[in-house]
Amino acid sequence: MVQSLPYGPAAHDPAPLDPRTAPVPRYGDASLADLLPAVAAGQGVPGLSSGLELEPADRVCVFLVDGMGWELLAAHPGEAPFLASLLAGSRGGTGRPLTAGFPSTTATSLASVGTGQVPGAHGLPGYTVLDPATGELMNQLRWQPWTDPYQWQPYPTVFRLADAAGVATCQVTAPHFEHTPLTRIALSGGSFLGRLSAEDRMDLAAERLGSAGRTLVYTYYAELDGSGHRHGVDSDAWRGQLMYVDRLAQRLAEQLPPRSVLYVTADHGMVDVPRDPDARYDFDHDWELRAGVARLGGEGRARHLYAVPGAAGDVHAVWREVLADRAWVATRDEAIELGWFGPEVDDRVRGRIGDVVAAMSDTAAVVATEAEPNESELIGMHGSMTPAEQLVPLLEVRT
């Protein structure tokens with residue numbers, strides 16, 4: 001009689017997913033990192049290029065809506081009739097989306113948008129990642145614990161390059177973002193104009209767009225994402241927020257000055273994770289998932305696992321077996337070789353990536369109810385490479 005291993009799969013258990021089957025972002029021609037280099041190159045900013053083909057314009061406004069994924073928008077034409085009417089012309093008239101990049105999370109995506117660099121270069125490869133210099137987890141959205149922003153992310157933003165090339169550049173967003181480290185290393189350059197009211201931000205963005213012959217304006221709306229996290233994307237609260245976003249986008253589009261283009265995009269989509277033990281693997285109460293893991297990074301849909309010395313191979317094997325067909329699980333070297341974080345990863349960034357990386361493939365998540373009580377309570381989540389999280393629109397209005 002053969003005795004089975006304690007965590008070995010039974011005969012009927014699904015086989016682990018092959019990480020080579022994960023839908024890698026379209027770095028180089030259709031990712032968020034390609035957007036501003038294409039825009040600025042079309043405005044004559046030197047040293048920038050992109051495989052993303054966009055018709056040049058003198059005046060460009062990028063309106064980024066946090067959490068407005070392509071699939072979510074396409075599924076709600078009644079709530080967002082104006083934005084839905086633009087879907088057929090997305091991504092330069094192709095009718096296709098962009099990809100966010102991996103992980104599909106706000107800090108990573110905003111850094112890709114603002115710097116034009118992939119996650120493996122700008123170095124914000126997750127919600128929380130290991131700081132090799134301290135051995136502690138670094139929250140890259142809240143920037144805790146503190147580390148020098150310009151050492152963490154040394155590349156200049158596209159906004160700074162555009163401003164230096166004579167393009168009138170500004171960011172119009174909520175006032176509290178002005179001095180955050182993420183703004184400084186991802187979105188700074190030109191003027192910062194803070195306005196509390198979203199309507200005021202739309203009006204001011206349109207005004208600034210017409211303030212010079214060549215302009216680049218960035219504006220942002222966060223509350224759709226927050227509503228999805230708290231209430232889920234299958235909620236009246238989320239749908240109400242989408243209706244409001246639709247009105248904001250139309251308000252801005254109707255005020256565009258001549259020779260302008262408005263691009264409406266997003267940093268990621270979202271999925272609802274059922275409040276069901278079968279869909280929420282609790283790391284803090286699962287001895288198999290905890291075994292050999294010194295630090296649990298990332299977020300519920302995209303985990304970085306930092307192993308105790310010598311245990312990385314065992315951690316990889318166990319997570320593959322436990323999560324099976326619910327996640328793509330790769331070693332650090334595999335994830336880098338497969339291009340999850342971009343075609344190349346800078347040396348300074350390698351140690352921030354987990355010894356093992358797990359990207360969820362369905363609507364499950366790996367939560368940590370004791371270490372991450374607030375995040376573990378969220379309904380809407382994102383981070384992985386599924387189309388619902390990864391695909392984002394690039395809607396266009398021209399004058």
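This is a predicted model: local features need pLDDT of at least 70, side-chain atom pairs count only at pLDDT 80 or more; totals for chains, interfaces and linings use all residues.
User: How many helices and strands does the chain have?
Analyst: There are 18 helices and 18 strands.

User: How is the chain divided into domains?
Analyst: Domain 1 takes 21–272 + 386–398, and domain 2 takes 277–380. The bounds come from an automatic or database domain assignment. Between the C-alpha centres of domain 1 and domain 2 lie 26 Å. Domain 1 puts 41 residues into the contact, and domain 2 puts in 33 residues.

User: Why is an area quoted for an interface?
Analyst: Interface size is often given as the accessible area lost when the parts come together. Here domain 1 and domain 2 bury about 2,800 Å² between them. Carbon and sulfur atoms carry 58% of that area.

User: Which residues of domain 1 lose the most area to domain 2?
Analyst: They are Phe 102, Gly 120 and His 229, together 20% of what the domain 1 side buries.

User: Why is the pair Arg 301 and Glu 389 called a salt bridge?
Analyst: The cut-off is 4 Å, from a side-chain nitrogen of Lys or Arg to a carboxyl oxygen of Asp or Glu. The side chains of Arg 301 and Glu 389 meet at 2.7 Å, N to O, so the pair qualifies.

User: What does the rule find across the interface of domain 1 and domain 2?
Analyst: It finds three salt bridges. It also finds 21 residue pairs in polar contact, both residues at pLDDT 80 or more.

User: Which elements of domain 1 supply at least two residues each to the side that touches domain 2?
Analyst: The helices are α6 (119–122), α7 (149–152) and α11 (223–231). The strands are β3 (128–131), β4 (136–139) and β9 (271–272). By residue class, the domain 1 side divides into 21 nonpolar, 15 polar and five charged.

User: Which peptide bond at Pro 103 is cis, and where is Pro 103 found?
Analyst: The bond from Phe 102 to Pro 103 is cis, with omega near -10°. Pro 103 sits in the loop between β2 (98–99) and α5 (106–115).

User: What marks out Trp 143, and where does Trp 143 lie?
Analyst: Trp 143 has a positive phi of about 60°, although it is not a glycine. Its place is the loop between β4 and α7. Pro 145 lies in the loop between β4 and α7 as well. A cis peptide bond joins Gln 144 and Pro 145, with omega about -10°.

Notes: Residues are numbered from 1 along each chain as its sequence is written. Side-chain values use heavy atoms; hydrogens and water are left out. Contact means heavy atoms within 4.5 Å. Buried area is the accessible area (1.4 Å probe) that two parts lose on being put together, summed over both. A polar contact is a pair of N or O atoms within 3.5 Å; within protein, one must be able to donate a hydrogen and the other to accept it, and residues adjacent in sequence count only if both atoms are side-chain atoms. Helices (H or I, at least four residues) and strands (E, at least two) are DSSP runs, numbered from the N terminus. Ala, Val, Leu, Ile, Met, Phe, Trp, Tyr, Cys and Pro count as nonpolar, Asp, Glu, Lys and Arg as charged, and the others, Gly among them, as polar.
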